[in-house]
Amino acid sequence: RCELDMSWTFYNSNGEALVQNAESEATQAEMEAETAVAHFVPPDLVRNSPGVSKAYCQIAAAGTIVSNSYNVASITDTGTGDRTIVFDTDFGNINYVPANSQFTNNTAAIGYMFLTNVVGSVQLIIRNLDDDAVGDHASATAFFGDQ
């Protein structure tokens with residue numbers, strides 16, 4: 001019979017041993033406050049860390065979700081350059097942070113603004129960089145904040 005030693009030690013930046021062999025699971029509150037050093041973090045709680053994206057998606061120029069998305073229920077294409085992204089899990093408040101980029105072959109585009117953001121969705125307006133007119137361009141967006 002082979003036994004595997006799974007012991008470990010967590011050290012701080014000064015090399016001091018802080019925790020050995022955490023036996024209890026971190027809570028969501030500890031993850032959000034970044035104080036879970038004495039606990040193990042299962043995969044389903046990693047998303048509660050402040051530095052982890054809570055939702056992301058790639059949107060085709062036609063306004064549809066490309067296969068790469070997380071925590072996005074739907075995209076509504078409400079007109080040229082105008083899309084509403086609806087989340088599966090609402091944010092805790094409207095102070096979440098979107099990060100956006102556009103992909104285009106012919107005309108440079110810019111994610112001009114997040115016009116309306118509520119806890120369950122956000123409206124994205126995309127404009128052409130060269131003439132400031134609204135335009136349909138493929139985009140990628142990630143969202144950070146408290147859920």
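Colleague: Which residue is the bridge partner of G79 in strand 6?

Modeller: Bear in mind that this is a predicted model. Two strands are taken as a pair once at least two bridges are found between them, so a single bridge is one step in reading a pair. Here the partner of G79 in strand 6 is D82.

Colleague: In what sense do strand 5 and strand 6 pair, and over how many bridges?

Modeller: Strand 5 covers residues 72-79, and its pairing with strand 6 is antiparallel, with 6 bridges. The two strands form a hairpin that has 2 residues between them. In that hairpin, G81 has a positive phi near 70 degrees.

Colleague: How many bridges join strand 6 to strand 9?

Modeller: There are 5 bridges between them, and these strands run antiparallel. Strand 9 is made of residues 121-128. For an example to find in the model, take T84, whose bridge partner in strand 9 is Q123.

Colleague: Which residue does R83 meet in a salt bridge?

Modeller: The side chain of R83 meets that of D136, at 4.0 Å from N to O. R83 lies in strand 6, while D136 lies in the loop between strand 9 and strand 10, 53 residues apart, so the pair links distant parts of the chain. A search of the whole structure finds 1 salt bridge.

Colleague: How many aromatic pairs does a search of the whole structure find?

Modeller: The search finds 6 aromatic pairs. One of them is Y96 with F143, with 6.1 Å centre to centre and 75 degrees between the planes. An angle over 60 degrees counts as edge-to-face, so the pair of Y96 and F143 is edge-to-face. This pair also links distant parts of the chain: Y96 is in the loop between strand 6 (82-87) and strand 7 (97-103), and F143 is in strand 10 (residues 138-144), 47 residues apart.

Colleague: Are Y96 and F143 buried or exposed, and which residues do ring pairs link into a cluster?

Modeller: Both Y96 and F143 are buried. The cluster linked by ring pairs consists of F87, F91, Y96 and F143.

Colleague: Where is S49 found, and is S49 buried or exposed?

Modeller: S49 is in the loop between helix 2 (43-46) and strand 3 (55-59). Its relative accessible area is 16%, so S49 is buried. Apart from neighbours within four places in sequence, S49 is in contact with M31, E34 and K54.

Colleague: What does the accessible surface of the chain come to?

Modeller: The total is about 8,600 Å², and 51% of that belongs to carbon and sulfur atoms.

Technical notes: Residues numbered from 1 in each chain as written. Predicted model: local features only at pLDDT ≥ 70, side-chain atom pairs only at ≥ 80, totals over all residues. Heavy atoms only, no water. Areas by Shrake-Rupley, 256 points an atom, 1.4 Å probe, with all protein chains shown as cover. Helix = DSSP H or I, 4+ residues; strand = E, 2+ residues; numbered from the N terminus. Buried < 20%, exposed > 50% of the residue type's maximum accessible area, 1.4 Å probe, protein only. Contact = heavy atoms within 4.5 Å. Phe/Tyr/Trp six-rings, centres within 6.5 Å; stacked < 30°, edge-to-face > 60°.
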